[in-house]
Amino acid sequence: MKRAVVLSGGGMRGAYEIGAWRALEELNIDYQIVIGSSIGAINGALMTMKDYELAKSLWENLAENPEGSGDNISKKHLLSLNMLIRKKFLNKPLLYSPFTTLIEQNIDTEKIYASDVEFALVAVRSWDRRPSLVRKSKVRKALLKDYLIASASLFPVFPMHYVDGTTFIDGMYYDNLPIEFALSMDANELIVVDLHQKPQHPEYCSRPDVTYITPSEDLGGIFEFSKEKVEKNMELGYRDAKEALKQAFPWQ
């Protein structure tokens, strides 16, 4: 049996996935594969490292100090990004994603490669919009952080990211919740954490081999850098996941 955890993209909504991870930990539900797009890829890397306390503290710090997570991007600028994107006022990317420093300074590739969990992410080639499934077992260790940054490069808000001769953009441009890729990795049981109240892949919601977790409340904007919102979303992810997992795994 191979159980995969599939994690959605969604910017700062990703705190919800950390709460869901807490529920998995409490219920002693293990997993053999983690795969994600965008922020789901970053959270997936942390899950592969198996350091929940680190992930929780990183998210709390990101909410309190967003200006320390990128290239001197002001908190006011970050808070206004969601509105600007919706109104299509942005005409040039920021220099860095606010998640770049988090990846560079806190993702431990040694721990990821030493882990018995297979890790994968989705990034999209900029020039033809074709997806790349990047698996830890098939990519050089030195490139993994770059692929993580690429998977979370929400162009045109953030710049494309160059990796090993190719430019990439955010994995969400192909599939924000890569369930099919998880199945292609021979997973036969899935725990899916969606960051949208309306499921992105409703066709999987009723499958007996899929535990599909969706937010019971709105998670806010993808650039909503707020300690209160991060804490609320982590707690909501914990409660929603625990309820769904207890139904799917009543013996736990």
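Biologist: Which residues does V230 touch?

Modeller: Leaving aside residues up to four places away in sequence, V230 touches M12, A15, W59 and A63; contact means heavy atoms within 4.5 Å. This is a predicted model, where local features need pLDDT of at least 70, side-chain atom pairs count only at pLDDT 80 or more, and totals for chains, interfaces and linings use all residues. Residues are numbered from 1 along each chain as its sequence is written, and side-chain values use heavy atoms, with hydrogens and water left out.

Biologist: How far apart are V230 and M12 in sequence and in space?

Modeller: They are 218 residues apart in sequence and 7.4 Å apart in space, C-alpha to C-alpha. V230 is found in helix α9; helices (H or I, at least four residues) and strands (E, at least two) are DSSP runs, numbered from the N terminus. V230 is buried, with a relative accessible area of 1%. Buried means under 20% relative accessible area, exposed over 50%, and partly exposed in between (1.4 Å probe, protein chains only).

Biologist: How do I read the packing of α1 and α9?

Modeller: Two packed helices are described by the angle between their axes and the distance between the axes. Helix α1 (residues 15–26) and helix α9 (residues 227–248) pack at about 45 degrees, with axes 6 Å apart. Axes are lines fitted to C-alpha atoms, for helices over the stretch in contact, and angles run from 0 to 180 degrees between N-to-C directions. α1 and α9 are therefore oblique to each other: angles under 35 degrees count as roughly parallel, over 145 as roughly antiparallel, 65 to 115 as roughly perpendicular and the rest as oblique.

Biologist: At what angle do α1 and α2 pack?

Modeller: The angle between α1 and helix α2 (residues 39–49) is about 30 degrees, with axes 10 Å apart. That makes α1 roughly parallel to α2. E17, I18, W21 and L24 in α1 meet I39, G40, N43, L46 and M47 in α2. In α2, 11 of its 11 residues are buried.

Biologist: How should I read strand β2?

Modeller: In a regular strand the side chains alternate between the two faces of the sheet. From β2, I33, I35 and S37 point one way and V34 and G36 the other way, and all are buried. With 5 of the 5 residues of β2 (residues 33–37) buried, it is largely enclosed by the rest of the structure. Strand β1 (residues 3–7) pairs with β2 in the parallel sense over 4 bridges, and pairing requires at least two DSSP bridges. The bridge partner of L7 in β2 is G36.

Biologist: What is the phi of N28?

Modeller: Most residues other than glycine have a negative phi. N28 is not a glycine, yet has a positive phi of about 55 degrees. N28 lies in the loop between α1 and β2 and is exposed, with a relative accessible area of 64%.
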